[in-house]
Amino acid sequence: MTRDLEPGKLVLATHNDGKLKEIRELIGPFGFTVSSAGELGLAEPEEHGTTFEENAYTKAHAAATATGLPALSDDSGLCVDALGGEPGVHTADWAELPEGGRDFAMAMRNVEEKLQAKGATAPDQRTGRFVAVLCLCWPDGHAEYFRGEVDGQLVWPPRGEMGFGYDPVFMPDGFDQTFGEMPASEKHAWEAGRGDLGLSHRARAFATFAKAKLGAE
């Protein structure tokens, strides 16, 4: 069962500045006043899910119950075929430092070292995908999910300084640039009325959300 989402206040259940920036750019034209969990000083809930959907719900439900407002969360990750789908839901964990904080340069090296250990050196051995799941949750626990995926291959060394996370080592199918080399306008590549699903995993998940909940076409 679906539920209408009226324009107004919305909480983005994230403490990740990169995700906040991307989702704000996408949702900005639709008449919402957006605050993030980080800006509101909400604690980050522990994520123990085995799927993107479970972790997205954990974050959105925590923010919705804490604020009394509808909350939108994103759980996303890189799934590498040669690594059995890893890092998957643990994508951010691979970047965590013992002393706190995250180092995605280290995380990208970890992925590359594991690929090299598997002998995955040819392009057709280095396939994978970015996955994003948006969860829209109300304070009473009602939740709806919107999934986006983009296939590509892992390149080395990293290329580009735009984007965030693992973007510099991911080259989407049909392109000769990594996400790290693409400006946000090209990476998102979705606008209401264009009739496509966009390029990035997050843009595709957001397009599905916007068409279902915001009346976009």
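Residues are numbered from 1 along each chain as its sequence is written, and side-chain values use heavy atoms, with hydrogens and water left out. As this is a predicted model, local features need pLDDT of at least 70 and side-chain atom pairs count only at pLDDT 80 or more, while totals for chains, interfaces and linings use all residues.

Biologist: How many aromatic pairs are there?
Modeller: Rings of Phe, Tyr and Trp (its six-membered ring) pair if their centres lie within 6.5 Å; planes under 30 degrees apart count as stacked, over 60 as edge-to-face and the rest as tilted. By this rule the count is seven.

Biologist: Which class does the pair of F130 and F170 fall into?
Modeller: The ring centres of F130 and F170 are 4.6 Å apart. Their planes stand at 55°, so the pair is tilted.

Biologist: How many residues apart in sequence are the parts that F130 and F170 tie together?
Modeller: Helices (H or I, at least four residues) and strands (E, at least two) are DSSP runs, numbered from the N terminus. F130 belongs to strand β4 (residues 127–137) and F170 to strand β6 (residues 170–172). The pair therefore ties together parts that are 40 residues apart in sequence.

Biologist: Is F170 buried or exposed?
Modeller: Buried means under 20% relative accessible area, exposed over 50%, partly exposed in between (1.4 Å probe, protein chains only). F130, at 4%, counts as buried. F170 has a relative accessible area of 0%, so F170 is buried.

Biologist: How far apart in space are V133 and F206, C-alpha to C-alpha?
Modeller: V133 is in strand β4 and is buried at 0% relative accessibility. V133 and F206 are 73 residues apart in sequence, and their C-alpha to C-alpha distance is 8.9 Å.

Biologist: Over the ring of which residue does the charged end of R3 sit?
Modeller: A charge sits over a ring if NZ of Lys or CZ of Arg is within 6 Å of the ring centre and within 35 degrees of the ring normal. K114 lies over the face of W94, at 5.4 Å from the ring centre. The charged end of R3 is 5.0 Å from the centre of the ring of W138.

Biologist: Which element gives the most to the lining of the largest pocket?
Modeller: The largest pocket holds about 790 Å³ of space, and of its 39 lining residues the closest to its centre are K19, E47, K59, A92 and R102. The lining divides into 14 nonpolar, twelve polar and 13 charged residues. With five residues, the element that gives the most is α2.

Biologist: How many disulfides does the structure hold?
Modeller: A disulfide is a pair of cysteine sulfur atoms within 2.5 Å. The sulfur of C137 is 5.3 Å from the closest cysteine sulfur, in C135, which is too far for a bond. C79 is buried at 14% relative accessible area. The number of disulfides is zero.

Definitions and conventions. On a 1 Å grid over the protein atoms alone, a cavity is a set of points where a 1.4 Å probe fits but cannot get out, and a pocket is an open set with protein on both sides within 12 Å along at least five of seven lines; lining residues have an atom within 4 Å of a point. Grid points are joined across faces, edges and corners, and a volume is the space filled by probe spheres set on the points. Ala, Val, Leu, Ile, Met, Phe, Trp, Tyr, Cys and Pro count as nonpolar, Asp, Glu, Lys and Arg as charged, and the others, Gly among them, as polar.
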